[in-house]
Amino acid sequence: MNLDVIVSLCKRRGFIFQSSEIYGGIASCWDYGPLGVELKNNVKRVWWRDNVYLRPDVVGLDAAILMHPSVWKASGHLDHFTDPMVDCRACRRRFRADKLDETSWVHYCPATKDNKFDIPAGEPCTHCGARRTLCPACGKGELTPPRQFNLMFKTFMGPVEEDAAVTYLRPETAQGIFVNFDNVLQSMRLKLPFGIAQIGKSFRNEITPGNFIFRTHEFEQMEIEYFVNPNDVIDGRPADEVWHERWIEERFAWYQRYGIRRARLRLREHDKEELAHYAKRTADVEYEFPMGWSELEGIANRTDFDLKQHAKTSGKALTYFDEERKTHVVPYAIEPSAGADRSVLAFLVDAYREEEVRGEKRVLLRLHADLAPIKIAVLPLLKKRDEIVARAREIQGRLARRWVSVYDDTAAIGRLYRRQDEVGTPYCVTVDVQTVGDRERGETGDAKVTIRERDSMDQIRVPVAELETVFRELLTDGIPWSTVGARYPATTKS
Ligand code: GAP
């Protein structure tokens with residue numbers, strides 16, 4: 001599948017828009033529209049629920065984006081958070097030196113009277129055999145020698161733009177956790193092992209952002225620092241290594257729990273050369289995005305590096321008193337670090353399906369019900385019948401108190417179903433003549449509605465009075481459709 005299909009659906013259906021679009025846009029910045037904000041909030045909500053509310057050993061935090069500049073000296077970001085970059089002397093475009101051969105390149109081939117060719121990444125010209133040496137974008141300019149470029153966005157605090165006022169937009173949420181280690185430990189009276197979780201914005205002046213919301217300048221991270229006593233042993237093995245493996249397993253399973261297909265996920269170990277300066281071991285959860293296998297989340301064993309660095313730089317002890325051994329220890333940190341935006345992209349890509357139904361194309365997002373932006377759409381079969389419209393609006397108003405739901409009467413029923421399929425709404429409720437009856441003919445209604453399930457397109461007839469119970473079972477208690485639906489008579493699919 002091409003990523004453009006997802007980009008186009010996101011714009012058309014109000015998930016994601018280009019930032020500042022009316023001014024021509026700004027590179028690699030994206031705005032979440034009405035459905036996108038729901039989807040992203042749902043991703044963050046289930047992450048928080050699973051990692052904070054459902055774990056007795058993890059607590060939450062929301063630290064400031066702007067931090068004391070010494071934080072970034074201590075963490076190593078000022079000195080090490082750099083990418084080697086080269087500039088084209090002709091078109092002035094900037095590239096990551098280490099990624100130059102990962103993009104296609106423009107070539108004016110001398111063997112074909114300087115005809116222009118677009119050559120796939122890393123390949124030579126099939127006419128003259130030349131390999132890329134010049135700018136891959138314009139094909140003409142010489143590239144400068146590589147220079148190190150710090151990825152942190154610099155800004156100034158206060159009214160004077162001087163060196164003393166320099167601060168940075170955080171490039172990761174993790175450091176807010178490390179500098180609050182002692183505050184959280186003391187205020188919550190925690191015992192090792194325990195974790196601190198945080199969701200928030202991070203900023204990186206990426207040299208080569210792109211691939212929609214995969215790599216952007218401004219993004220949200222969902223990070224946990226899980227602190228472990230390095231002197232502990234579990235089943236004869238160092239506790240930090242055991243906990244690292246447990247977190248890798250847990251995080252790998254998490255994406256599948258919310259619908260991502262196992263075949264599109266893999267774990268990749270960082271080799272020695274790739275390991276960050278703070279890490280003992282790192283494994284990435286990778287997803288097969290349309291542009292290839294890429295990192296979705298990194299799970300690192302950061303050892304005691306960060307706490308020690310902050311203790312040294314700030315002069316404040318960041319230790320834990322081990323009651324059993326009567327000694328102060330600096331805990332090791334296991335860090336599952338996920339991107340909220342990158343997760344949104346993976347969930348969207350994985351959920352996207354095109355099917356043929358009775359000779360017509362049906363596009364649907366098979367999103368997990370917990371992630372779907374809209375849970376229930378209430379639709380009147382005939383919008384010209386006042387009783388039907390009034391009943392549908394009344395039902396939607398009632399359901400909206402518990403679940404995100406919409407009312408829509410702007411098209412015929414078949415089209416309304418397709419529209420909801422395309423944005424991943426798991427259930428539609430249809431109010432029809434049978435529901436309300438026909439006063440002119442002296443017919444009373446049966447006070448039942450049709451519920452249609454998105455993936456199977458199965459339909460059942462349910463008393464209006466039981467709707468809340470049915471949706472509580474389906475949406476809150478997670479009881480499968482096959483179980484709940486079996487209690488009610490089926491009607492024809494549409
Ligand atoms: N604290 C560790 C850390 O920040 P990272 O591998 O640089 O590690 C973790 O980032 C996750 O944050 C990535 O796996 C990705 O999901 C997300 N992320 C990082 N840079 C990003 C960017 N420029 N745009 C979108 N998401 C990004």
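Before looking at helix packing I noted that axes are lines fitted to C-alpha atoms, for helices over the stretch in contact, and that angles run from 0 to 180 degrees between N-to-C directions. I also noted that helices (H or I, at least four residues) and strands (E, at least two) are DSSP runs, numbered from the N terminus.

The model is predicted, with local features needing pLDDT of at least 70 and side-chain atom pairs counting only at pLDDT 80 or more, whereas totals for chains, interfaces and linings use all residues. Residues are numbered from 1 along each chain as its sequence is written, and side-chain values use heavy atoms, with hydrogens and water left out.

**Helix pairs.** I looked up α10 (residues 386-400) against α13 (residues 467-476) and found a packing angle of about 45 degrees, with the axes 11 Å apart. Angles under 35 degrees count as roughly parallel, over 145 as roughly antiparallel, 65 to 115 as roughly perpendicular and the rest as oblique, and α10 and α13 are therefore oblique to each other. I then turned to α2 (residues 34-53) and α7 (residues 239-257), which pack at about 140 degrees with their axes 12 Å apart; α2 and α7 are therefore oblique to each other.

**Ligand.** I counted as near any residue with a heavy atom within 4 Å of the molecule, and I found 20 residues surrounding the ligand, the closest being E172, R204, E206, E223 and E295. For polar contacts I took pairs of N or O atoms within 3.5 Å. A side-chain N or O atom of E223 lies 2.5 Å from a nitrogen atom of the ligand, a backbone N or O atom of T216 is 2.8 Å from a ligand nitrogen, and for the side chain of E335 the distance to a ligand nitrogen is 3.0 Å. Taken alone the ligand exposes 550 Å², of which the protein buries 90%, by the Shrake-Rupley method with a 1.4 Å probe. I noted that β12 (218-228), β17 (292-301) and β20 (332-339) are the elements giving two or more residues to the shell.

**Backbone.** I found a cis peptide bond joining L192 and P193, with omega about -5 degrees, and P193 sits in the loop between α6 (181-188) and β11 (194-203). K113, a residue other than glycine, has a positive phi near 55 degrees, and I placed K113 in the loop between β6 (105-109) and β7 (115-119).

Definitions and conventions: A polar contact is a pair of N or O atoms within 3.5 Å; within protein, one must be able to donate a hydrogen and the other to accept it, and residues adjacent in sequence count only if both atoms are side-chain atoms.
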